[in-house]
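Student: Please take a close look at one part for me, the place where the two chains meet. I would like one connected account of it.

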2 protein chains.
Amino acid sequence: MDFSSFLTSLGTSFLIFIVLMVLFAWLSTRQGNAVVYYPNRIVKGMEPWEGGSRTRNPFAWIKEALSSSEQDVINMSGIDTAVYFVFLSTGFCPYLFVSFFSFLHTLLGILVLSGIVLLPVLLPIAATDDGVKKNEHTSNTTSNGTFSDLDKLSMANIEVKSPRLWAFLVATYWVSVVTYFLTFKAYKHVSALRATALMSNEVKPEQFAVLVRDLPNATSGQTRKQQVDTYFKSIYPETFYRSMVVTNNKEVDKIWGELEGFKKKLARAEAIYALPQRNGQGTRPTNRTGFLGLCGKKVDSIEYYNEKIKELTQKLEAEQKVTLREKQQGSALVFFTSRVTAALAAQSLHAQMVDNWTVTEAPEPRQLIWSNLTIKFYDRIIRQYVVYIVVFLTIVFYMIPIAFISAVTTLKNLRKLLPFLKPIVDIAALKTVLEAYLPQLALIIFLALLPKFLLFLSKTEGIPSGSHVIRAASGKYFYFIVFNVFIGVTIGGTLFASIKTIEEKPNSVFDMLAKSLPGNATFFLTFVALKFFVGYGLELSRIVPLIIYHLKRKYLCKNEAELREAWFPGDINYVTRVPSDMLVVTIVLCYSVIAPVIIPFGVLYFALGWLVLRNQALKVYVPAYESYGRIWPHMQTRIISALFLYQVTMLGYFGVMRFYYTPILVPLPILSLVFVFVCRKKFYGAFCHTVLEVASQELKETPHMEQIFKSFIPPSLISEKQEDEHFEDALSQVSRSESSV
Amino acid sequence: MDFSSFLTSLGTSFLIFIVLMVLFAWLSTRQGNAVVYYPNRIVKGMEPWEGGSRTRNPFAWIKEALSSSEQDVINMSGIDTAVYFVFLSTGFCPYLFVSFFSFLHTLLGILVLSGIVLLPVLLPIAATDDGVKKNEHTSNTTSNGTFSDLDKLSMANIEVKSPRLWAFLVATYWVSVVTYFLTFKAYKHVSALRATALMSNEVKPEQFAVLVRDLPNATSGQTRKQQVDTYFKSIYPETFYRSMVVTNNKEVDKIWGELEGFKKKLARAEAIYALPQRNGQGTRPTNRTGFLGLCGKKVDSIEYYNEKIKELTQKLEAEQKVTLREKQQGSALVFFTSRVTAALAAQSLHAQMVDNWTVTEAPEPRQLIWSNLTIKFYDRIIRQYVVYIVVFLTIVFYMIPIAFISAVTTLKNLRKLLPFLKPIVDIAALKTVLEAYLPQLALIIFLALLPKFLLFLSKTEGIPSGSHVIRAASGKYFYFIVFNVFIGVTIGGTLFASIKTIEEKPNSVFDMLAKSLPGNATFFLTFVALKFFVGYGLELSRIVPLIIYHLKRKYLCKNEAELREAWFPGDINYVTRVPSDMLVVTIVLCYSVIAPVIIPFGVLYFALGWLVLRNQALKVYVPAYESYGRIWPHMQTRIISALFLYQVTMLGYFGVMRFYYTPILVPLPILSLVFVFVCRKKFYGAFCHTVLEVASQELKETPHMEQIFKSFIPPSLISEKQEDEHFEDALSQVSRSESSV
């Protein structure tokens, strides 16, 4: 790629961004699209165009985003989103800082440039003498293409052993120190955000509950319920409120799911019936009772569904009773009347055998993964290790099955294996397309399914809360993406060619990384630019959800509930969003000194991301959970990991430049490790647990314990009849079970 | 060493043991020696010869020791001692188990022996064909000496690649499984012991207190006392009782020490004065006021001391006031009215910044190391790492300074450097002795001072409790002793000769260990035998303390207090005792399969140790602290470390024997790691914290909080006047400080 084609690609991306932005400005003001561009406001019961943003000014949203405070974000989207913005701004602040320095730096590049221009004039004889003056890697990168204009601004342009390298060495330190300083400040800020949110005087159900797992076998004649109640009453005689024994809800969930399905179908049938027809009267909709409504007897839908609902409701009630009485499992939720007691209990050992009565903080009711609650202590540990191994294998060897599938699914093979496809495959136009895309097809499908696969793996670990699963999957995705995209692209083919060298000297990986870095600078520059212009353009304009929504509205949705489902935006997808931001951090950090020209692109990426997502957070996405910034420690650790990679790479690169003072960089990676250790010691505890000085803040009102208790009952177990009928089951009151002892 | 000399040495040791035992039986029945042989009973206010043990039967103590139950040990000497016996019996039980197997084993050795005898008869031509049949290592060990009789019972006698090795392979597994099984059972038992002791219905002051360190800076106008009280009152409004702010006691301790010294001197002077003299009247003792009582004015002792005491008492009172008011530090002891709250508080995070308000369990008052309480969070971490590095260097390089000192302190050098020693050194008899012992002198002094040095290092880490310091020092000593005695002796000179091989292949250390093991079997056999016969003989007979006591009684002690000091026995010295037992465990485990003949010696060591120490625990040693078996997890981990060393060594040894099925042993070390991990997960938590189901047991009586509080006041701060005079100082009541807010 030469310089002009780089500019062309940059220009095109920018143009696309502008077009998408204009499109957004135009589309978002249309009344019918409000649910696509302002769903969060609508969900919160606010006016979509509050604050007069329904102007034709295409930059109004920018003003709004910039003028919104952190508190606005917290109010509209919760702490987690606010923390994500802290992450984004720590992402670009250092680059702003560094940008200033890199200004000098680029100046330096110009000086070097002019130096090179001047040198052949001043010392023509020395220059023509031999090739020592010309660096190996300069020739190296030029051989990669003729992208010399940008190369001249990079470190590859500096002579080996040149004293000018001192400036780059100082810059390496500067970037590290800035990163330490800013992430430390951000950690402090996030910690304060979390504390403020947790000490809020509003009643939050999860602050009054703990999750108890790994109950020992109950003594004979004692139900699980009695066992839990007796145990906790004896330890917390004053603050124990009530317990909820976890039940095996598989059966009841299934029935409930069916019931809900029929209820939806009934509502839909009724809506169709109510539709004004040409002849003025609605037609009663019909359906078939067989497989997928395709075969079987044709019946009147409304009657049929009503009957089914009645039948299932009875079945559900019976199953609810059975579940609550007989399917009690070895874990429970325990409720306390005081936040402090719940916080204390969640941090303390209850039983002499640590693998019994393990007590942890209860997640939010909506986050609770009921099926994971009953997994036992050692089972959880084993699952975790198995998942780690699977993830490791996936990251390292994911190319093998894909290469295999690609090899199998060639056109030739397809024709052989599936002969009925022959007539279709042989069409000339289709053949060309298939030949071009078939090899990548497996990879594309794999990459699309990867987040789901990682979510599935994380859930399999036995984690009890939804946000934790997302956190875990996001971490796994980060390792995948950094290992495969960054290191994979950079080292690329070189690795396999020289696999023997690595076997002999494992640390030569970093040398190789260092050597191949400058050549790939332009690739990543284009990558980052594309990512922010096109990616954020699409994000802002929401073209895809808009089209899907309008299609659904026109052809599928028949009532309000279905319509709402069609536009409901979901949350900011942290599983893939955070890792891909982390990838950009890694790339920009690693190139920051080698090719400082990447820094403005990094700044643009994070600034634009901040701006666009600010808009989306305030207006579009509805958070699915609130974990009070629990993801931050992982983000911070990964930023420092990226920094560590950068520092080690720079060590290698300075080595390649044969700079005598390279060892001066050795303290940097050690410093990073110490920094991570200190941050972990100082802050991490407060992210794992609710701290007591926070939990001891006074509440606005006495908590309504019955309501707190009820908020944890899974929907499939909520009985519509009076609760009094359950006697001594998984949900019953402690006083009753006591009286029966 | 040949077989007969081994028997001679064994016989001599046994004879010494018998003599010492008879001596013990004779001496211990004499009235005047009761304080040496029964101090623990005397301290506890019991009759020395309770239960009719004052018989001339020299084996009465054995009967008594055998008939004593674990509860007796707990009553007389506490949980820690009981746990030590669990350790000793797990030490010998497996060997009893294994002994049974090794009986078959030894039989096998005999079979092998007869095989070798038979083979040359049956296959004379094959035998004389070449040297392959004769193993390298058989010749190896014989070259080490002519100790062939015992060698024939060992694995070194088996031919390489022989199928007989299968038996040894199975034995290797058997020893491991027995060790797992027994240590797991023991862990469970100790855990129950600890739980029972902690849930006792008696009031223990340390269960009502927590130690709070790393207080943040107080806001202006607030004293430390107010800061602590406000903070804990807000979190525990109902159960908070009172706080004791830690003060800088350096000055007051010094004055108090001087005062106590003078009080002792006064008592002594008075005792001398009261002594009946020849002329019927006591002489008033005199002393000099100058340096060490050697120079200065001669004064009447009683008057002089009385005056000094009066003066110092006033000074102490003034200093106490100043200390309590103005020398408050950033840590405190906080008292709760409930055991559960104290246990909960000690396990929970209190502040958002984890390095502030760190709360841990309070140690027993007598264990508290006041000077360590004020060391800050990161300071403690840094100290710890520095100490680890120092210990590592000490373990690995301790020979260097000693070799240097030995080289310097030759007779020649001494004469040159200290010419005034010339006349003494030149005496022929002394010269011979000095020449023999001078080289070892540095080593002997070093080894004698090592435990003290390790205790000092552990205390420097900033550990707040005495038992923890002892535990830490004991761990360090273990690493020192295993590394230097066991590995040092075994590999010995071979190591330095082939240092290059190790540099190339680090895992060849284990090969080398494996190769040199059989040759050293006899050395360690003698070592273990000597250790138990002479060591335990001396332990039981208490010859050295007896002589010292009688000398002191005759020439130094003038009153009861001084006499008591002379016979007071101290506690079972865990710092050196546990590591040296661990050394025997390591030795016996590592040789158990290679030379099963060592097993009975191991059994004898632990059985005899159990017996002798049972006697000592019941009658002699007075425990200095009670940590409720907190040392056990470390003992268990170290037993498994020894097992791990054994397994890896066996892997190497089977490799040396060129046995094809050696890889069958590979799962063993992995199994050991998993076992340690599982034990840690299951049990360790309950040893770090007081578990809630234990703390929630009911008490016999309502705790007398004032008394609990007072038991923590350091002696130098106890005021003899009414307490009301202190106003708003480090010890004052919360109500007062509140009223002044």
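Tutor: Chain B and chain A bury about 3,200 Å² between them, 60% of it on carbon and sulfur atoms. Buried area here is the accessible area, taken with a 1.4 Å probe, that two parts lose on being put together, summed over both. B:Leu349, B:Gln352 and B:Lys682 supply 21% of the area that chain B buries against chain A, more than any other three residues.

The model is a predicted one, in which local features need pLDDT of at least 70, side-chain atom pairs count only at pLDDT 80 or more, and totals for chains, interfaces and linings use all residues. Residues are numbered from 1 along each chain as its sequence is written, chains are lettered from A and ligands numbered from 1 in the order in which they are written, and side-chain values use heavy atoms, with hydrogens and water left out.

In terms of contact (heavy atoms within 4.5 Å), 39 residues of chain B touch 39 residues of chain A. Between the chains there are 16 residue pairs in polar contact, both residues at pLDDT 80 or more. A polar contact is a pair of N or O atoms within 3.5 Å; within protein, one must be able to donate a hydrogen and the other to accept it, and residues adjacent in sequence count only if both atoms are side-chain atoms.

On the side of chain B that touches chain A, helix 27 of chain B gives the most, with seven residues. Helices (H or I, at least four residues) and strands (E, at least two) are DSSP runs, numbered from the N terminus. By class, that side of chain B has 23 nonpolar, nine polar and seven charged residues. Ala, Val, Leu, Ile, Met, Phe, Trp, Tyr, Cys and Pro count as nonpolar, Asp, Glu, Lys and Arg as charged, and the others, Gly among them, as polar.

The interface also holds two salt bridges, each a side-chain nitrogen of Lys or Arg within 4 Å of a carboxyl oxygen of Asp or Glu. A:Lys682 pairs with B:Asp355, the closest N and O atoms being 3.0 Å apart. This pair runs from helix 27 (residues 667-688) of chain A to the loop between helix 13 and strand 6 (358-361) of chain B.

Finally, 100% of the interface residues of chain B are also interface residues in chain A, so the copies meet through the same surface.
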